[in-house]
Structures are given as C-alpha cells and as structure tokens.
Amino acid sequence: KEFQSEVKWIRIRSSKSTSPGEAKQPTYESKTGTLVQFLDDFERDVMRKFPHHRFTVARQKAMAAEFNRNRGPGWIQSDVDFAMDGTIPPPRGRSIQSDHWSPMSYTLFIQVISWLESAAWKSRNSELDLNCAVTIEPADASEPDSIIPAKGSCYAEVMAVPSAAERAATDPEQLRYGVRRHGASDDDPLEYVERRYLRHRKLHTKAFVHVSNDKTHDSYAAQTFINKTIDYLEEQYVRPGTETFFAWHMHSDNAPSHFKSSKTMNYVTKLPARLKDWAMGVSGADGKPLTFRVYWEFGAPGHGKGVWDGIGAWIKRTVRQDIVDHRPEMKTVLTADEQILSPEQVAEHVKARF
C-alpha cells in the first residue's frame, strides 16, 4: 500500500543558455506519481550514471596523486574555475522589495597554484619531520644543486628520524632517516637513507581570488585572470631568482564556454614562447636545455570538487556576512567608505580582509 501512495518530486535538467559565454542554467520539472514510479525514475536517470561518476572520481584522484608524487621543483600545478556569481546584499541586509529581487552581483575566478620549493629540495642538511614527503635519489646519480630528480628516484615518506644524540654526533648530511617507499607494505622494514640523498618535497601553495563585474565567464575573461597570476609569479618569484619554473600543469573542468574551446587552446599554444625565459639555464637529466612546457588537463564537470570551489563559497559567504553584520560599533566592512555597493568594493574588501 505504501508503494502505491502518491508522492511529488522535482527533476533538475540543464538547458543551454541563449547568451554566448554564459553557463548552462538548470530547469526544474515537477512530477507526481506513486512511490514505485519515483523509484523507477530515480533508477533510470540517476543510478545509471552513478557507477561512471564514481569511476571518474576515483580515476581523477588517482591520476592527481600520481602526478604529485612524480613532479619535482619547476612544475607549477594550477587549478582554476569560475565560482557561481556572488551577490551584494544591501547594508545590514535590509532593502525595499524591488531591490531584493535584483541584487548586484560579481564574478569570482579562483586559481590555486602550488610548486615544490627549490631551496628545500636542494638542501642536504636541513632537518626532516616525521611523515614529510621526500624523493630518494640513487647515491651514484644525485647532483647537489640540480632541481631535476635523478634517474631512478622514488617517492617516499619519512617514518623515523635520528635521535638527539645522533644529531649531535653526526654530520647533518650523513644522518640516516627511516623512510618507506611508495607502494611498500606497512609490514616491510624501514629503509634507512642518508640525508644527502633525500630531497625534501616542501609544497608551496597560493590561492588567487579574482573579482570582476564582467559576468560573461568566457575564454577571454579566463585568459585575463590567468595573465594576472602569471604577472604576479614573474614579479615575485622569477625575476628575483627565488624560483625557477619550466613547466605549467593546468587543471579545470571541460566547460566549453571558458576553458575547453579553440580560443583557450590558442592562448595555451602561445604560452611556451611567452614564458621561455622562465626556464633559462635549466637542463634535463640528459643534460639538454629544457624549454618551457604547458599542459592543460580537462576533468569532467561535477566530478571531484576541490579546494578552489570551497574558497569561492567561503569568499562569497564572508562578504555577505560582513555586509550584514556591519555596525558603527562593529566595523566588519573594510573598504575606505565602510560600504560595499559594487564589485570594485568587493575586491577592496576581500584584499583587506585576507
């Protein structure tokens, strides 16, 4: 009897936007039927996609983990995505009805980049902490000042560190750390390797939040934001000689409006020539000079949300809450005139807030 009772549910579908450059907008279809009909509808339209969804998520995570284990210094990992547009509520959250239904909005483009610090990689006598990631280099192939992993290198984790007595009596380069290579069983005995053959894989991560009043979300907008990140890296790390980069690995979903398009691919093909000076003086394991390389990996939309999505949601919530909470005695809005009425002021507030 319960299976024949009437229930209501909503099906969500994606429809193509009529405006070029804009993302697809969801449409909602209300349906009524018995519980059996609902379960049949759910199994037909949802469950048939679920195994593929889980396979895609697992495969993408495995590929990302393998890339992170194998890359060395000089590789920039960049994850990019547009967040859903943020809205600017009225001061203290109060407005007339007409303003409530047409709030001003702004675009958020999130880019999270990371690389292995070359100074930590080159150091042969710095202390290593438990569980930190390292690369084991063969003793006969390790070159002290090279940022290119030696042939035969292997990813590992530090599982045992020297005692205080050993540190006091031994040359730091010759201290032996207990490591476990990737793929080894927890029951296998630890391998003890001298510090000078362990490359410290110290990850440096930065998040870039780009705010704009342009809500087209097209390829040109994505290129503009990426260019700003490139300019920052060049000014802060490349020109001062702090870091040397010779490869850029980009990851995004395959949204055709702003990433997987001919315009974006044309932009990518021009980046190696533009950034060729970044790889100046770097040679590979074979001794030949390296040229700057750019890779773009497209993931499936809706699979494997990352930290960049969380940052976008966090920024929008913080801006909205700061506007609503602002009072003369509790100033949460950090713009010059203590109000946020435009995307420009959102950017000013976010910069001061974080």
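The buried residues of helix H7 are Thr-264, Tyr-267, Val-268 and Leu-271. Seen down the helix axis, these buried residues fall within an arc of 105 degrees, so they line one face of H7. The model described here is a predicted one.

**Helix H7**

- H7 has 13 residues, and the distance from its first C-alpha to its last is 19 Å. That is close to the 18 Å expected at 1.5 Å a residue.
- On the face turned away from the buried side, H7 carries the exposed residues Ser-262, Thr-269, Lys-270 and Ala-273.
- The buried residues of H7 are covered by elements that include H6 and E13.

**Nonpolar cores**

- In soluble globular proteins, nonpolar side chains tend to be buried together.
- The largest nonpolar core in this model has 34 residues. Trp-248 and Trp-278 are the residues with the most contacts inside this core.
- Six elements are listed as giving two or more residues to this core: E3, strand E5 (104-116), helix H6 (219-238), strand E12 (247-253), helix H7 (262-274) and strand E13 (293-299).
- H6 supplies the largest share of this core, with eight residues.
- A second, separate core has 15 residues, among them Ile-88, Leu-108, Trp-308 and Ile-340.
- Leaving aside its neighbours within four places in sequence, Trp-248 is in contact with Ile-76, Ser-78, Gln-111, Ile-230, Leu-233, Leu-275, Trp-278, Phe-292, Arg-293, Val-294 and Tyr-295. Trp-278, one of these contacts, is named with Trp-248 as having the most contacts inside the largest core.

**Aromatic pairs**

- A search of the whole structure finds 19 aromatic pairs.
- Trp-75 and Phe-246 form an edge-to-face pair, with 6.5 Å from centre to centre and 80 degrees between the planes. This pair links distant parts of the chain, since its members are 171 residues apart. Trp-75 is in strand E3, and Phe-246 is in the loop between H6 and E12. Both Trp-75 and Phe-246 are buried.
- Trp-296 and Phe-298 form a stacked pair, with 5.9 Å from centre to centre and 20 degrees between the planes.
- Trp-296 is buried, because its relative accessible area is 14% and the cut-off for buried is under 20%. Phe-298, at 25% relative accessibility, counts as partly exposed.
- Ring pairs also join Trp-115, Phe-208, Tyr-232, Tyr-237, Phe-245, Trp-278 and Phe-292 into a cluster. Two members of this cluster, Trp-278 and Phe-292, are also in contact with Trp-248.

**Gln-77 in strand E3**

- Gln-77 is found in strand E3, which covers residues 75-82.
- With a relative accessible area of 9%, Gln-77 is buried.
- The side chain of Gln-77 makes a polar contact with the side chain of Asp-79, at 3.4 Å.
- Leaving aside its neighbours within four places in sequence, Gln-77 is in contact with Phe-67, Arg-71, Val-112, Ile-113, Ser-114, His-249 and His-251.

**Thr-34 in strand E2**

- Thr-34 lies in strand E2, which covers residues 25-34.
- A relative accessible area of 19% makes Thr-34 buried, because the cut-off is under 20%.
- Leaving aside its neighbours within four places in sequence, Thr-34 is in contact with Phe-3, Gln-4, Ser-5, Glu-6, Val-7 and Trp-9.
- Thr-34 and Thr-335 are 301 residues apart along the chain, and their C-alpha atoms are separated by 55 Å.

**Two loop residues with positive phi**

- Asn-131 has a phi near 70 degrees, a positive value in a residue other than glycine. Asn-131 lies in the loop between helix H4 (118-122) and strand E6 (133-136).
- His-217 is not a glycine, yet its phi is positive, at about 55 degrees. His-217 lies in the loop between strand E11 (203-212) and H6.
- Asn-131 is exposed, with a relative accessible area of 53%, whereas His-217 is buried, with a relative accessible area of 10%.

Technical notes: Residues numbered from 1 in each chain as written. Heavy atoms only, no water. Helix = DSSP H or I, 4+ residues; strand = E, 2+ residues; numbered from the N terminus. Buried < 20%, exposed > 50% of the residue type's maximum accessible area, 1.4 Å probe, protein only. Polar contact = N/O pair within 3.5 Å; in protein donor to acceptor, adjacent residues only side chain to side chain. Contact = heavy atoms within 4.5 Å. Core = buried A, V, L, I, M, F, W, Y, C linked by side-chain atoms within 4.5 Å. Expected span 1.5 Å × (residues − 1). Arc of directions from axis to C-beta. Phe/Tyr/Trp six-rings, centres within 6.5 Å; stacked < 30°, edge-to-face > 60°.
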